[in-house]
Amino acid sequence: MVLTAVLGTGLAYLPVDKEEDLEENYTPIGSPAKAERRFVQDHFTTNDSYRFSASRKSTEITFASILVFSTAASLLERDVFSEVSRLDREVLTLSAALEDGTQLPYEEVCARDHDLCVPSNPLLAAWQLDESLDLRSITFPVCNLTRQTVFLAGLVGGTILGERKGDSQLLLGAKALRLQYFLKAEQEKDDKKSKTWLTHFLDQFRDMEQRLALKKIQVVHFTSLSRQLEFEATSMTVIPLFHLAYLLIILFAIISCYRCDCVRNKMSVAAFGVVSVALAVVSGFGLMLYVGVPFVIIVANSPFLILGIGVDDMFIMISAWQRTNLMDSIKQRLSSVYSQVAVSITITSVTNILAFYTGIMTSFRSVQYFCIYTGTTLFFCYFYNITCFGAFLALDGKREVVCLRWLKKPETPDQKCMSLKKSCCLPLGSVPDDSATGIHPMNLFFRDYFGPFLTSTESKFFVVLIYILYIISSIYGCFQVREGLDLRNLASDDSYITPYYDIDEEYFSNYGPRVMVVVTASVEYWDKDIRQKLEQCMKDFEHNAYVDKNLTEFWLRTYVKYMEEGKRDLNDKNVFVNNIPNFFNEFPNFLYDINISSSNNIISSRAFIQTLGIASSTNKKKMLYQLRGIAENCEIPLIVYNQAFIYFDQYAAILENTIRNVIVASLAMFFVSLLLIPHPLCSLWVTFAIASVIVGVTGFMAFWNVDLDSISMINLVICIGFSFDFSAHISYAFISSSKPSVNQKSIEALYLLGYPVLQSAISTVIGVCVLAAAKAYIFRTFFKIMFLVMVFGAAHGLIFIPVFLTFFGRFV
């Protein structure tokens, strides 16, 4: 209690208002995209205050976005555009109040192109300048508006295309329009003001929508702050659920340990066992916060899990205690309990802790922090169980003796005194037999009914058949699992960003991000061979299935035409370099695409390609691999980069990390069991159970719409520990049994540990079941996978392993 009080003061360091860095915690450490970003940041500059270009930014852009979609057949109608224009002007008039009371209008924070704010949509801006513009003469995805070429990919959605005009097609109709309001964020003071305006935008959006009374369009909104704000709000929704989970586990522990025998009743012991787990949570979390381990939102899942795991050992110890003789001394009884279960508890605790600590090897910081918190807290659970809970069990043993003696005193005329005695030994019941042990009826059920039924020949055949069906369906499901964390899942279900992502996916999923192709070395662009090699690399990119070859933007191609039209010598270095400033005057868009040193060397340069057809996580992964492969195979040193690649890298890392963690953790389980369980065959069966449960959980994830991401990866690590627990307890009891036949060994193992294993599974499911009611994907996912782990783990421990051991147990 003193240790908990001291360590519990560490909870004062629990972050309250600190923003969680989503990129830092939920994207792979050392991902290629982060190195690519550093190179782009070091070699290319931008200017949000004078010549803003969204595709040229190396970091995430500060913006507010509105997706407008028409309720009519097409949005390209004058009356519909008029309504969109009203909405746009309403946003432009928004002014946020600063701390000193001054107003912050949009014009002060907007990203600029020369002296004007960057328009929210170039097509809308052109129509606002000239409402007589024929919207049916627009071409897509490239069109010429106000004497400049505009890329409409990603800005106009749900398109209906007509006849081809050059590299584009006539835009006959469209269902949606994207309005994006870009803000300045290069300097810290600008970034702070932009965030203030965005917060005001979020606060005012619904009121603004109601004021406008839009009839022909519907709108959804999103900002660069939204994901962070909604993610933080999600964590608050789970706090009430923790209290409910704690209450339910206490109730289950008390009910499952209830006995009509008023002496051997263990309700108070079970309640203290749950309290002991809570003390372990306080100690573990307090210590981690003291040493500075960051607390991330998915760590909030940990107490639910620990509550379920922590009571497992308690049930096993209570079960062993109730098999001791009531008239033996407390020392003898406790010695008997520890000799029966201490090794088994130690094995499962060590393996659980190891399973979590292997999660530190992963490339995702959120997974690392979760595993550190949970592994450390499980150590405290084990330590408190074998010390604090054991001591309480001994004290309750003294209560049993006192209660028994008191009840057995001769009757006295004072009936009030007798009633008082019985009330102290609640619940009321008959006086137990001195020499009898307190076997729980469920233990007898496993010994007398379930065990003999399971070890019959017909049942074994049926169990093997069920297992074959289970493993086949699981393996099939493994190939259907989707990879990667969908960013919409970081928010709650009723968040405003969910419909935004849905509309974005429905109407704007054809085109992906605009990707930089960066020449990373100082090459001689005036050398014809170099230009040909570079052009061949660009053609390789354009011939890729995930690239639109008509939307490439490359300064060198334009520069070659510019020089040839002026009949200048492209192959002369001085002529080539000296004409670049004049080229920028005519084509200012390329100003930030060439990095020229003071000695007139071109250090690096970049082109842009437009991706398409990457709506699914599988296609994002393939696109990333293929584009990087083309860059590596090019004779000119190249890299490809877009801000979104920071998150796309998880698709490449998640499977590799998961497989590595599972293999390492499984090997650790095998060697621990080999050291502590007195037979190698038993260790092999435990390892087999781990592999079988992992395959089952992974396969059934696909059937329950759970993706393989950093959150579910945590659960697969948990899966290893639990599948080891259930199988190790039963296997250890089987090996330790002195019964002559394998069937009798299996029945005795179920008799001794079947009920505690069942209690453990049910208590853990109760601990996490409240998360099924959570409004956030990350918490519901935790429930789904833990439910699968418990069901499959218990099925292996109580059904499959006892049957399989009867086949191979004769070799023990």
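**Entry 1: the sheet**

I looked up Phe69 and found that Phe69 stands opposite Gln218 in β13. I also found Leu67 opposite Val220 in β13. I noted that this is a predicted model, where local features need pLDDT of at least 70, side-chain atom pairs count only at pLDDT 80 or more, and totals for chains, interfaces and linings use all residues. I also noted that residues are numbered from 1 along each chain as its sequence is written, and that side-chain values use heavy atoms, with hydrogens and water left out.

Next I checked the pairing of β1 (residues 63-70) with β13 and found it antiparallel, over 7 bridges. Two strands pair if DSSP finds at least two bridges between them. Helices (H or I, at least four residues) and strands (E, at least two) are DSSP runs, numbered from the N terminus.

Which strands make up the open sheet, and in what order? I read the order as β9-β12-β1-β13, 4 strands with antiparallel pairing. β9 (156-157) and β13 (217-223) stand at the edges with a single partner strand each, so one side of each has no neighbour in the sheet. I reminded myself that strands of a sheet pair through backbone hydrogen bonds.

I then asked how many residues of β13 are buried. The count is 6 of the 7, so β13 is largely enclosed by the rest of the structure. Buried means under 20% relative accessible area, exposed over 50%, and partly exposed in between (1.4 Å probe, protein chains only).

Helix α4 (residues 78-92) lies across β1, β12 (176-182) and β13. I noted its angle to β12 as about 15°. Axes are lines fitted to C-alpha atoms, for helices over the stretch in contact, and angles run from 0 to 180 degrees between N-to-C directions.

**Entry 2: aromatic rings**

I searched the whole structure and got 57 aromatic pairs. Rings of Phe, Tyr and Trp (its six-membered ring) pair if their centres lie within 6.5 Å; planes under 30 degrees apart count as stacked, over 60 as edge-to-face and the rest as tilted.

One of the pairs is Phe52 with Phe182, tilted, at 4.8 Å centre to centre and 35° between the planes. Phe52 sits in the loop between α3 (32-43) and β1, and Phe182 in strand β12, 130 residues apart. Are these two residues buried or exposed? Both Phe52 and Phe182 are buried.

I also looked up Trp704 and Phe787, which pair edge-to-face at 6.0 Å centre to centre, with 75° between the planes. Trp704 is in the loop between α24 (680-703) and α25 (710-736) and Phe787 is in helix α27 (residues 777-808), so the pair ties together parts 83 residues apart in sequence. Trp704 is partly exposed, with a relative accessible area of 30%. Phe787 is partly exposed too, at 31%.

Two arginines lie over rings. Arg227 is over the face of Tyr647, at 5.8 Å from the ring centre. Arg514 is over the face of Phe151, at 4.3 Å from the ring centre. A charge sits over a ring if NZ of Lys or CZ of Arg is within 6 Å of the ring centre and within 35 degrees of the ring normal.

**Entry 3: the cores**

The largest nonpolar core has 170 residues. Among those with the most contacts inside it are Tyr525, Phe541 and Trp555. Helix α27 gives the most to this core, with 19 residues. A nonpolar core is a set of buried Ala, Val, Leu, Ile, Met, Phe, Trp, Tyr and Cys residues joined through side-chain atoms within 4.5 Å.

I checked what Phe541 is in contact with, leaving aside its neighbours within four places in sequence. The list includes Val517, Ile609, Leu627 and Leu638. Contact means heavy atoms within 4.5 Å.

A second, separate core has 68 residues, including Leu67, Ile217, Val219 and Leu225.

Where is Pro141? Pro141 is in the loop between β6 (139-140) and β7 (142-145). The peptide bond from Phe140 to Pro141 is cis, with omega near 10°.

Ala213 has a positive phi of about 50° although it is not a glycine. I found Ala213 in the loop between α7 (188-212) and β13. Ala213 is partly exposed, at 43% relative accessible area.

Asn705 is not a glycine, yet has a positive phi of about 60°. I placed Asn705 in the loop between α24 and α25. At 56% relative accessibility, Asn705 counts as exposed.
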